[in-house]
Amino acid sequence: MTASADYEFIGSKNSYYSAKVRACLQYKRLPYSEVCANGDTIRRAKEKTGSHMYPVVLCPDGTVLQDSCDIVDALEQRHPARPVIPYDPVLRLLATLFETIADDFMILTSIRYRWVPEDTSAWAVRMFQQICTERMPEPKPRAATRENAVRIARSIQKRFKGQMTQSPEIVAVCERQTREICDRLDAHLENTPFLLGDRPSLADLGMMNALFGHLYRDPGAMCDHIHWKCISLSLWIDHMLAAAGESDRGDLFFSDSLAPVLETFGTTYGAYAATTLAVAEAKFATLEPDAEPRQFLGAHETTLAGVPTTFPVSSYVAWKLQRVLDCYRAIPESDRADADRILEPAGLLSLCRTEPGWRLEKRGFMRLAKVA
């Protein structure tokens with residue numbers, strides 16, 4: 001498919017999941033218009049998808065795309081030039097692993113900076129009001145949306161405060177591990193332009209979700225740390241924001257300086273990912289084929305960087321991890337040893353070798369069903 005008209009991208013600069021889609025549209029040099037995710041456009045998106053969730057991409061041919069990982073996959077199929085998904089199976093696994101950790105695990109430690117502390121949570125309510133009413137010219141709908149935005153923001157605050165153990169140990173772990181990931185990414189990017197080599201890939205797109213909308217932009221300690229201490233990481237974010245200007249020349253490869261980043265991923269989130277797969281195994285065992293699992297599978301005991309805690313487990317994250325396991329199984333035997341040498345020191349090998357007794361399939365925009 002050639003780009004003959006603009007894509008319409010409904011998103012927000014402050015949205016966790018919009019950054020990946022924006023960087024993909026940029027790097028592929030696709031003509032697009034970014035539309036503010038305000039009260040009007042979110043209602044319009046809900047009419048098309050059945051959900052208020054964004055980002056949403058409206059394609060020139062009328063196709064509607066939702067969910068950042070599905071959007072990137074669809075854009076890759078439609079526009080294979082300037083590819084973001086690595087051809088090499090080991091690198092494809094690493095890129096998908098980065099995407100999944102960034103999308104579904106880093107959010108648990110980074111989102112608390114916005115919605116939990118009193119000072120930043122007060123700012124977040126005001127910010128959310130502004131996003132929801134931005135560029136809404138009519139006074140009455142704007143006022144109603146502004147009032148509704150406060151209720152939604154308070155609901156978000158309550159949910160995250162309830163989901164996250166607020167013990168001093170977990171708060172300290174969240175802050176320490178987030179800083180460590182940023183510091184190790186910064187060290188890697190001092191000598192390697194992008195996460196997997198000379199040009200952007202899915203790994204970079206996913207990490208933009210984890211870093212740009214919250215940690216890099218929200219006021220607070222982590223924003224200050226990235227801007228003051230992580231200069232190479234900050235420059236990388238700037239390059240990804242304007243990725244249309246980046247060359248697609250050069251190679252994708254694994255650099256040894258990426259190993260410490262993967263090690264921090266494994267140390268911080270490996271147990272939680274394993275818990276998610278174990279809970280899914282138990283919950284899905286009794287489901288009949290074509291049955292839809294519950295979205296949330298309850299709160300379960302796990303560890304975060306070795307510290308005991310309780311976190312919610314979702315069917316969606318199990319589906320995302322299934323994509324990682326699929327990538328591992330797709331690696332030819334001749335290349336499997338290369339993958340294992342990267343994964344084992346990071347503590348992620350046993351996770352990738354998991355053989356679940358279930359399989360989920362995406363149906364519609366956000367619905368999941370058990371197919372095996």
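Beyond its neighbours within four places in sequence, Trp236 is in contact (heavy atoms within 4.5 Å) with Leu189, Pro193, Phe194, Asp204, Met207, Met208 and Leu211. The model is predicted, so local features need pLDDT of at least 70 and side-chain atom pairs count only at pLDDT 80 or more, while totals for chains, interfaces and linings use all residues. Residues are numbered from 1 along each chain as its sequence is written, and side-chain values use heavy atoms, with hydrogens and water left out.

Trp236 and Met207 touch the most other members of the largest nonpolar core, which has 110 residues. A nonpolar core is a set of buried Ala, Val, Leu, Ile, Met, Phe, Trp, Tyr and Cys residues joined through side-chain atoms within 4.5 Å; buried means under 20% relative accessible area, with a 1.4 Å probe and protein chains only. A second, separate core has eight residues, including Ile10, Ala37, Ile42 and Ala45. In soluble globular proteins, nonpolar side chains tend to be buried together.

The whole structure holds two cavities of 30 Å³ or more. A cavity is a set of points, on a 1 Å grid over the protein atoms alone, where a 1.4 Å probe fits but cannot get out; lining residues have an atom within 4 Å of a point. Grid points are joined across faces, edges and corners, and the volume is the space filled by probe spheres set on the points.

| Cavity | Volume | Lining residues |
|---|---|---|
| Largest | about 50 Å³ | Tyr113, His214, Leu215, Asp218, Pro219, Gly220, Ala221, Met222, Cys223 |

Helices (H or I, at least four residues) and strands (E, at least two) are DSSP runs, numbered from the N terminus. In the largest cavity, α11 (221–229) gives the most to the lining, with three residues, and α10 (202–216) supplies at least two. Its lining divides into six nonpolar, two polar and one charged residues. For the second largest cavity, α1 gives the most, with three residues, and the lining has six nonpolar, no polar and one charged residues.

Strand β6 (residues 307–314) has six of its eight residues buried. Strand β5 (residues 296–304) pairs with β6 in the antiparallel sense over seven bridges; two strands pair if DSSP finds at least two bridges between them.

Conventions: 1 Å grid on protein atoms, 1.4 Å probe; cavity = no way out; pocket = protein on both sides within 12 Å on 5 of 7 lines; lining within 4 Å. Nonpolar A, V, L, I, M, F, W, Y, C, P; charged D, E, K, R; others polar. Buried < 20%, exposed > 50% of the residue type's maximum accessible area, 1.4 Å probe, protein only.
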